Amino acid sequence: MAASFIQIRNLTKSFKKGPNLITPLQDLSLDVPRGEFLALMGPSGSGKTTLLNLIAGIDSPTSGELVVSDRDIARLSRAALTKWRSRHVGYIFQLYHLVPILSAFENIELPLLLTSLTRAERRVRVEAALDLVHLADRAQHRPTELSGGQEQRVAIARAIVHDPDLLVADEPTGDLDSESAGAILRLLRKLSTDHGKTIIMVTHDPKAAAAADRTLHLEKGQLIEQTQPATSGP
Amino acid sequence: MKLLLLALKNITRHRLRSFLTMAGVAAGMFLFTAVETMQHSLATVTKISADDTTLVVYRENRFCPATSRLPEYYLPTIRKIPGVESAIPIQIAVNNCGASLDVITFRGVPPENLQRYNPDLEVVAGSFDAWLQRSDAALIGENFARRRGLKPGDTFEAVGINVLVAGIIRSGNAQDNNVAYVQLPFLQQASKVGLGTVTQFNVKVDDAARLESVASAIDETFKSDAQPTHTRPEKAFFAETAKQMVELIGFTRWLGLGAVAAVLGLVANAVLLIVRGRVKETAILQTLGFSRLMIGLLVSFEGILLGLLGGGTGVAAAVAFFQWQSFTLGNEGLTLAITPDLTVLLKGLVVALLLGLLASLYPAYRAARQPVIESLNAA
């Protein structure tokens with residue numbers, strides 16, 4: 001069996017909050033193959049967003065092993081982790097988190113500012129990402145001039161423009177109507193099947209989870225159940 | 001460069017906030033540049049440099065040009081003193097002997113000697129010949145002409161003296177740009193001093209190192225005469241006679257420092273507010289992979305741009321203002337032209353840049369250190 005794209009062994013995350021020690025993740029182990037679309041479900045406080053942030057490299061575990069694409073990111077320094085994140089991870093937020101003063105084009109271009117690409121090369125990449133999310137005609141619009149679904153598609157374009165291996169999405173459809181949510185899920189499905197992206201998605205919505213290849217259920221910081229839909233698709 | 005452009009977008013797309021901040025910075029830097037211009041102008045006319053070779057011979061215990069009356073026949077004696085390269089008798093008439101913002105100074109000189117004594121005088125309008133041909137003609141300094149709106153062919157009256165403008169002159173010596181040169185006999189008669197009497201002799205010494213010894217020799221020569229003399233370098237005279245003005249302008253240094261402090265506080269406050277209002281945006285950039293250094297640089301660039309754009313506007317406005325207004329401070333017949341200078345302009349821009357940088361250091365540190373996850377979850 002080929003090595004997993006993400007290997008998690010005995011991962012624990014704890015932090016102090018006042019006098020109390022909070023442990024949102026406890027001794028968790030998990031394997032995710034390359035190109036899998038994985039959904040994480042669970043009640044609030046179950047540790048799914050904490051797990052997502054650890055996999056995305058914006059947080060560091062207290063103990064355990066976290067290997068992504070053969071690299072143990074749990075042992076990287078903050079600076080090395082930041083650099084790794086800029087190359088390998090695309091993050092999609094529930095509330096899109098676009099920079100309001102920048103146009104759709106400029107928002108999507110942001111991750112490319114960290115590369116050595118020329119302006120012309122960046123333009124080609126951004127335009128390709130805009131085409132992929134069907135927003136080529138909205139390139140110069142600011143976030144306030146876009147609908148929620150369009151904003152999320154811009155956020156997805158921003159997450160994929162630098163061609164990362166891994167996409168992490170924190171409730172990407174949580175703030176959208178069902179039609180827009182369906183479009184976003186079809187887009188994520190396409191990124192997984194057609195472009196080989198490994199996608200980890202946190203969701204509360206079983207319909208959204210049904211779009212994934214596999215769904216993991218977390219509770220109190222531990223995996224309790226694994227489900228696999230018979231057919232994929234939102 | 002990419003971060004600089006991003007910082008510029010942040011500034012240009014928050015127009016009102018950026019405009020108000022830059023307007024405050026511009027006002028502070030205008031004041032700073034105004035003070036620096038005065039300080040620089042004062043230093044130019046009072047600090048004796050190594051190549052200064054001009055002495056001024058006055059009547060001892062003079063207060064004003066009106067009380068310095070020396071016989072013109074001292075000239076040949078002065079010229080014979082060892083170390084004296086050339087000398088010229090000058091009659092001065094001023095409209096106001098005390099400190100004044102609008103002093104008018106006539107300098108009466110022997111017409112045949114003016115160009116030889118002062119070869120760097122450049123006639124920028126009118127002609128020198130026209131000045132030679134009419135006894136009541138005047139060559140006026142370009143600052144004086146600008147301030148009074150005078151051009152060749154115009155007549156004007158001051159201190160009871162009517163003259164015709166024969167030409168406009170420009171000189172490397174700031175004093176010359178603020179006076180009206182007339183022919184000595186004309187001024188002696190028009191000012192009722194009488195022929196044969198002058199206010200001062202300007203003496204050029206062949207070696208700057210001999211200034212003091214030549215000055216002493218001149219004063220020694222006329223010590224027992226009816227009109228004893230007091231000889232000093234021209235700039236030392238200005239520093240001495242305009243002591244109160246010097247002190248007053250020296251005090252303005254504190255105003256300049258106050259303006260700098262105000263700009264520092266303003267930019268620091270503006271950048272800190274920007275950082276506080278942009279917690280989530282900063283966290284997004286961090287999530288995308290912007291390092292702490294890049295976040296810090298982005299904030300610093302914004303502070304520097306605010307300082308530089310606002311400061312540059314203020315500095316340029318101050319330079320343009322002083323260039324246009326041609327202010328002159330006069331005291332006892334000597335004038336201090338408040339003239340903007342390239343070094344003052346550059347100093348203003350460097351100060352604005354440094355203030356922007358200094359003011360953004362702490363906000364940049366705060367932004368770079370903010371925790372990503374807590375910031376993303378911030379309301």
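Visitor: Which helix of chain B gives the largest share of the lining of the second largest pocket?
Guide: In this predicted model, the second largest pocket has a volume of about 950 Å³ and is lined by 45 residues. The largest share of that lining amounts to 4 residues, and the element that supplies them, residues 15-46 of chain B, is helix α2.

Visitor: Which residues lie nearest the centre of the second largest pocket?
Guide: By class, the lining of this pocket has 18 nonpolar, 16 polar and 11 charged residues. Of the 45 residues in the lining, those that lie nearest the centre are Ser171(B), Gly172(B), Asn173(B), Ala174(B) and Gln175(B).

Visitor: What is the volume of the largest pocket, and which residues are the closest to its centre?
Guide: The largest pocket has a volume of about 1,200 Å³. The elements that give two or more residues to its lining are β1 (6-17), α1 (48-56) and α2 (78-88) of chain A, together with α11, α12, α13 (342-369) and α14 of chain B. Of the 44 lining residues, the closest to the centre are Asn53(A), Val372(B), Ile373(B), Glu374(B) and Asn377(B).

Visitor: How many charged residues does the lining of the largest pocket have?
Guide: Sorted by class, this lining has 15 nonpolar and 17 polar residues. The remaining class, the charged residues, numbers 12.

Visitor: Which three residues supply 30% of the area that chain B buries against chain A?
Guide: At this interface, 20 residues of chain B are in contact with 27 residues of chain A. The area buried between the two chains is about 2,100 Å², of which carbon and sulfur atoms give 66%. More than any other three residues, the ones that supply 30% of chain B's buried area are Lys2(B), Arg13(B) and Leu288(B).

Visitor: What does Arg13(B) form a salt bridge with?
Guide: Across the interface of chain B and chain A, the rule finds 2 salt bridges. In one of the pairs the closest N and O atoms are 2.4 Å apart, and there the partner of Arg13(B) is Glu106(A).

Visitor: Which element gives the largest share of the side of chain B that touches chain A?
Guide: The interface also has 7 residue pairs in polar contact. Elements that give two or more residues to chain B's side are α1 (2-12), α11 (279-288), α12 (292-325) and α14 (372-376) of chain B. The largest share, 7 residues, comes from α11(B).

Visitor: How many residues apart are Asp59(A) and Lys13(A)?
Guide: The structure holds 21 salt bridges over all chains, and the side chains of Asp59(A) and Lys13(A) meet in one of them, at 3.2 Å from N to O. The pair links distant parts of the chain, with Asp59(A) in the loop between α1 and β4 (63-68) of chain A and Lys13(A) in strand β1 of chain A, and their separation is 46 residues.

Notes: Residues numbered from 1 in each chain as written. Chains lettered and ligands numbered in written order. Predicted model: local features only at pLDDT ≥ 70, side-chain atom pairs only at ≥ 80, totals over all residues. Heavy atoms only, no water. Contact = heavy atoms within 4.5 Å. Buried area = accessible area lost by both parts, 1.4 Å probe. Salt bridge = Lys/Arg side-chain N within 4 Å of Asp/Glu carboxyl O. Polar contact = N/O pair within 3.5 Å; in protein donor to acceptor, adjacent residues only side chain to side chain. 1 Å grid on protein atoms, 1.4 Å probe; cavity = no way out; pocket = protein on both sides within 12 Å on 5 of 7 lines; lining within 4 Å. Points joined across faces, edges and corners; volume = space filled by probe spheres on them. Nonpolar A, V, L, I, M, F, W, Y, C, P; charged D, E, K, R; others polar.
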